[in-house]
Number of protein chains: 2
Amino acid sequence: MDQEDQKGEVTLTQFLDAVSEGSATPGGGSVSALAGSLGSALVEMVVNLTLGKKAFQAQEAYLQEILQKAHRHREALTATIVKDIDAYQEVMKAYLLPKTNEEEKKRRKEEIQKSLRRAADPPLFTTVTSLKVLKLCLEVMEKGNPNTISDAAVGALLADAALWGGMFNVLINLSVLEDKKYVQKMKKELKRLTLEGEKIKKQILARIQEKINLE
Amino acid sequence: MDQEDQKGEVTLTQFLDAVSEGSATPGGGSVSALAGSLGSALVEMVVNLTLGKKAFQAQEAYLQEILQKAHRHREALTATIVKDIDAYQEVMKAYLLPKTNEEEKKRRKEEIQKSLRRAADPPLFTTVTSLKVLKLCLEVMEKGNPNTISDAAVGALLADAALWGGMFNVLINLSVLEDKKYVQKMKKELKRLTLEGEKIKKQILARIQEKINLE
């Protein structure tokens, strides 16, 4: 995707086409960031369909705060779609460095390791931020317009997919990293984030099933 | 979204903005369809990064078939983004019908019921088709280029979110339907689809954890 596309000006069809192609980017990392972004947009929608309604007047300030947070997360996650592409292209560049002598080989190896470590940042950001979005989904489900329950529920599904998708993309990078101490630290952090996410998702599913269920 | 947008020509930013606004469409139904579409695009990506590689030559025909299926599902799910908007707008129109006398009230009630029943079709399609996409994710995970495991995994997360998101949107419509026999039939079908989805997701997660895990 070129400079123009980097401003989120690519169409849905163009983005889907770019994902489907046989190139490494945009791939699962960018799609995870977009999923988080869609989750945040649904939180904003629920708040916007709640604000101004008499029954929710007492919570106006609280809802405005959620709206602003969700909007910030959405913008940051949308920016991460491109950051993931850029970071991965640096990895591919490092792999293409010459390796005709020992010095070059050493340099190439160092560059690969450095770029892989940097490439773990965008998907880690996606995981961390999507956990925040998941928390907002629970909040709007509890305090927002009950007519929007299915929109908040889909927001939670997307935020949850983004949380896990980011994690898989960090893990795939870690698997090639040689700094085992750093790898262990990151895995511990990812485990904490996913456990927290699972706890919130359980609460969300219980709340949905009070309203809409298969029985 | 206007006529131009209906061709998938809306940008990512425009779509996210439209979701976030305080209008009922596009909402969770359209986002679910897009999630399924993104899942299919990732299946195509994995196949395209596998085809042509010597190690996978024996499976060329099989992979081509998956590629075509995924592409068809992607196009159908992308079209469902707009179909969901149109169907829900018919529901809103029905609610706006006059109700000044008994005859009008009767007609309005019938139109609401009819439009709600029709509005369950797009999200049901999303659920049915995303289950198919989920199955393709498992297939490419087993037969595709192992370097793309995280992309196939994210595809599965998105397809799974779409399957459940579609279901929530069908259920929210069913909750207002008076034809209890139809509602029970639909719930039975949704239950079958989600149980099948859960079985496949379990297999997918086991396969991912062989390759990338938190330990």
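**Where chain A meets chain B**

In this predicted model, the axes of α2(A) and helix α1 (residues 12–20) of chain B come within 7 Å and cross at roughly 30°. Axes here are lines fitted to C-alpha atoms, for helices over the stretch in contact, with angles running from 0 to 180 degrees between N-to-C directions; helices are DSSP runs (H or I, at least four residues), numbered from the N terminus. Contact just means heavy atoms within 4.5 Å. On the α2(A) side, the residues involved include Leu34(A), Leu38(A) and Met45(A), and α1(B) brings in Leu12(B), Phe15(B), Leu16(B), Val19(B) and Ser20(B). Sorted by type, the residues of this contact are 9 nonpolar, 3 polar and 1 charged.

Zooming out, 59 residues of chain A touch 59 residues of chain B. The size of an interface is often given as the accessible area lost when the parts come together. Here the two chains bury about 5100 Å², 71% of it on carbon and sulfur atoms (accessible area lost, 1.4 Å probe, summed over both parts).

As for charged pairs, there are 2 salt bridges between chain A and chain B (a side-chain nitrogen of Lys or Arg within 4 Å of a carboxyl oxygen of Asp or Glu). One of them pairs Asp17(B) with Arg74(A), the closest N and O atoms being 3.0 Å apart.

A word on the ground rules: residues are numbered from 1 along each chain as its sequence is written, and chains are lettered from A in the order in which they are written. Local features need pLDDT of at least 70, side-chain atom pairs count only at pLDDT 80 or more, totals for chains, interfaces and linings use all residues, and side-chain values use heavy atoms, leaving out hydrogens and water.

Definitions and conventions
Helices (H or I, at least four residues) and strands (E, at least two) are DSSP runs, numbered from the N terminus. Ala, Val, Leu, Ile, Met, Phe, Trp, Tyr, Cys and Pro count as nonpolar, Asp, Glu, Lys and Arg as charged, and the others, Gly among them, as polar.
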